Amino acid sequence: MEEKKFNQIAYQNNYKREKYDKIEVIVPKGEKEHIKQAAKAAGLSVSAYIYKVVQEDMEKGGTV
């Protein structure tokens, strides 16, 4: 009888699919690198940086 192995990648993909929404952001050529540099300077991933900036903007505008 073959024993099933735990598939970490499949587990992580399924977890993300269940717990998170995905948004595609399209920016002009060259801007991606600027965003990556800003995120790195802030000590965040690109995703976390974009989320933080959006949250701050929404709070400032009173939409959160």
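Reader: Phe6, then. Is it buried or exposed?
Author: Phe6 is exposed, since its relative accessible area is 60% and the cut-off for exposed is over 50%. Keep in mind that this is a predicted model.

Reader: Where is Phe6 found relative to α1?
Author: Phe6 sits in the segment before α1, and α1 covers residues 8-19.

Reader: How many aromatic pairs are there?
Author: The count comes to 2 aromatic pairs. Phe6 and Tyr11 form a tilted one, with 5.6 Å from centre to centre and 50 degrees between the planes.

Reader: And the rings of Tyr15 and Tyr20, how are they set?
Author: Their centres are 6.4 Å apart and their planes stand at 65 degrees, so the pair of Tyr15 and Tyr20 is edge-to-face.

Reader: Why edge-to-face for Tyr15 and Tyr20?
Author: Because planes over 60 degrees apart count as edge-to-face, and the planes of Tyr15 and Tyr20 are at 65 degrees.

Reader: Which residues make the nonpolar surface patch?
Author: Phe6, Tyr11, Tyr15 and Tyr20 make it, and the patch is about 500 Å².

Reader: Back to α1. How many residues does it have?
Author: α1 has 12 residues. From its first C-alpha to its last it reaches 16 Å, close to the expected 16 Å.

Reader: What caps the N-terminal end of α1?
Author: Asn7 does: one of its side-chain oxygens lies 3.2 Å from the backbone nitrogen of Ile9.

Reader: New topic, charges. How many salt bridges are counted?
Author: The count is 1 salt bridge. The side chains of Lys52 and Glu56 form it, at 3.0 Å from N to O.

Reader: Where do Lys52 and Glu56 lie?
Author: Both are in helix α3, residues 46-61. Lys52 and Glu56 are 4 residues apart, about one turn of the helix.

Reader: How accessible are Lys52 and Glu56?
Author: Lys52 has 38% relative accessibility, so it counts as partly exposed. Glu56 has 41% and also counts as partly exposed.

Key:
Residues are numbered from 1 along each chain as its sequence is written. This is a predicted model: local features need pLDDT of at least 70, side-chain atom pairs count only at pLDDT 80 or more; totals for chains, interfaces and linings use all residues. Side-chain values use heavy atoms; hydrogens and water are left out. A salt bridge is a side-chain nitrogen of Lys or Arg within 4 Å of a carboxyl oxygen of Asp or Glu. Helices (H or I, at least four residues) and strands (E, at least two) are DSSP runs, numbered from the N terminus. Buried means under 20% relative accessible area, exposed over 50%, partly exposed in between (1.4 Å probe, protein chains only). Patches are made of residues with over 30% relative accessible area and no salt bridge: like charges are joined within 9 Å, nonpolar side chains (Val, Leu, Ile, Met, Phe, Trp, Tyr) within 5 Å. Accessible areas come from the Shrake-Rupley method with a 1.4 Å probe; for residues, only the protein chains shown count as cover. Rings of Phe, Tyr and Trp (its six-membered ring) pair if their centres lie within 6.5 Å; planes under 30 degrees apart count as stacked, over 60 as edge-to-face and the rest as tilted. The expected span of a helix is 1.5 Å times one less than its number of residues. A polar contact is a pair of N or O atoms within 3.5 Å; within protein, one must be able to donate a hydrogen and the other to accept it, and residues adjacent in sequence count only if both atoms are side-chain atoms.
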